[in-house]
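Here are my notes on the model, as numbered points. Please read them with the coordinates open.

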Amino acid sequence: MSRSVLFHVQYLLGIGHLQRSLRIANALTRKGIEVTLVCGGLPVAELTADPSIRVVQLPPVRARDARFELIDDAGRPLDDGFRARRRADLLAAFDAAQPDAVIIEGFPFARRAFRFELDPLIAAAHAATPRPRLICSVRDIVMTRDDPARHREIAERVRREFDAVLVHGDPALIPFEASFPAAPDVADRLIYTGYVWDSHLTLPVAGATGPLPLPPQGRRGQFAAVPPDDALSGGVIVSAGGGAAGRALLDAALAARRGGCLASVPWRLLAGTNLPEAEFAALCRAAPAGVAIERFHPNLAGLLRHCRVSVSQAGYNTVLDILSARARAVLVPFAAERETEQLMRAERLMALGAAELVRESELSPTSLAAAIERAAGREPAPLAIDTDGAANSARLILALIEGHTPGIPPRDLAAKTGTAMIHR
């Protein structure tokens, strides 16, 4: 019997949520499951999807800056008419898909501002006959206020409305309760999938994948001309994730390089698809000889395998690329506006000896250069984590659709689903 899934993903500053959801969606198609991927952020031409995936683009919403003020594609605050269009498009996608499972990325642990469309979607799922499974897909660390009442509210909603919460992490590295203290209250819903990492799933392989919808003409700008990858082997790779909140890191890296930090090796800066065009052009003009700048590279993990040092924020996907590449790393976690997710991840890796840490509040050309020199001078500590999260998620989602109950003890997950480990 053919099975179908509707997968809702909203991304605001970076594209990490979309990358992780896309990897899971691609894994679902390999299990023969029809996938409708509903995207709520700006279209991203640099990522690719299996051609069998039906991509539904909602009227896009993004964050104006790190304060997370929500705006539409034209930079206007959201109004009731805009919300109504989004809600109608989402419910139409649900009706068309008639899914066996509805997967919502982040909610109810995050994305409260999108309850105007997610509450009706959840209600539609519960009213449908037969009722689809309702599944939350969430990364290893969630951002919630230090508010026990808010934690209880989330836990109660999970118990009332969701069949399972797939935690895309490995408790051996970071247990879910480290960021969500009420995790024990929903222990019978939580399933650790392992980390969702598989670099080839975002490569534009001819004939094997199809592009996500293209952004409006001129929105992303063009890549800067850069030397071939082999010409930059053995150098420093500086990556700013999606780019919307990475300008300070890029500026500090350029200043450190101009000050002589590892000046004998080539440097490559990946500025991100969301860095405004004027800022990207300014970086290109400011780059000294020996520094190449581009927006995006489809195989960051491949670059990192041959680099001298990786310098980056500490987002989910970037950290997995660093660990898979066994790269010497400096992490500068995004920490504006009370953000703690990346800092928690970076502090854990620093404690394990797997990376150097420069806190955003302490970032300067001098502090960054010192951390780069330290990283270049030693091998990172060995580390092993489960990275078969995409395939594990697909198997678990299919099992949930077929009537199996969640609650697999985290330590038994490998025996139930199989694993692929990063051995360091």
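Predicted model: local features only at pLDDT ≥ 70, side-chain atom pairs only at ≥ 80, totals over all residues.

1. L262 sits in the loop that links α5 (247-258) to β13. Phi of L262 is near 45 degrees, a positive value in a residue that is not glycine. Is L262 buried or exposed? Its relative accessible area is 10%, below the 20% cut-off, so L262 counts as buried.

2. Q98 also has a positive phi, about 45 degrees, and is not a glycine. Its loop runs between α2 (80-97) and β7. Here the relative accessibility is 64%; the cut-off for exposed is over 50%, so Q98 counts as exposed. Most residues other than glycine have a negative phi, and most peptide bonds are trans.

3. F107 and P108 are joined by a cis bond, with omega about 10 degrees. P108 belongs to the loop between β7 and α3 (115-127). The bond from T129 to P130 is cis as well, with omega near -5 degrees. P130 is found in the loop between α3 and β8 (133-139).

4. I104 is part of strand β7 (residues 101-105). Its relative accessible area is 0%, so I104 is buried. Which residues does I104 touch, leaving aside those up to four places away in sequence? They are H8, L118, L121, I122, L134, I135, C136, S137 and F162. With S137, 33 residues along the chain, the C-alpha separation is 6.0 Å.

5. Now the open sheet. Six strands with parallel pairing follow the order β14-β13-β12-β15-β16-β17. The edges are β14 (291-294) and β17 (356-357); each has a single partner strand, so one side of each lacks a neighbour in the sheet. Strands of a sheet pair through backbone hydrogen bonds, either parallel or antiparallel.

6. β12 (residues 236-239) runs parallel to β13 (residues 267-270), and four bridges join them. There, I237 faces R268 of β13. β12 also pairs with β15 in the parallel sense, again over four bridges. S239 is opposite S312 of β15 in that pairing. Three bridges then connect β15 to the parallel strand β16 (residues 329-331). V311 has V330 of β16 as its bridge partner.

7. Which way do the residues of β15 (residues 309-312) point? V309 and V311 point one way, and S310 and S312 the other way. All of these are buried. Check the serines as well as the valines when you inspect this strand.

8. Helices α8 (residues 316-325) and α9 (residues 341-351) have axes that come within 10 Å and cross at roughly 20 degrees. The cut-off is under 35 degrees, and α8 and α9 are therefore roughly parallel to each other. The crossing of α8 past α9 is right-handed. Y316, V319 and L323 of α8 meet E341, R345 and L349 of α9.

9. Last, the totals. The protein chain holds 12 helices and 19 strands. Of its 424 residues, 56% are buried. Among contacts with a separation of 6 or more, 76% are between residues 24 or more positions apart. The accessible surface is about 16700 Å², with 52% of it belonging to carbon and sulfur atoms.

Note on methods
Residues numbered from 1 in each chain as written. Heavy atoms only, no water. Helix = DSSP H or I, 4+ residues; strand = E, 2+ residues; numbered from the N terminus. Buried < 20%, exposed > 50% of the residue type's maximum accessible area, 1.4 Å probe, protein only. Contact = heavy atoms within 4.5 Å. Areas by Shrake-Rupley, 256 points an atom, 1.4 Å probe, with all protein chains shown as cover. Pairing = 2+ DSSP bridges. Axes fitted to C-alpha atoms, helices over the stretch in contact; angles between N-to-C directions. Parallel < 35°, antiparallel > 145°, perpendicular 65-115°, else oblique. Left-handed = near helix turned anticlockwise from the far one by under 90°.
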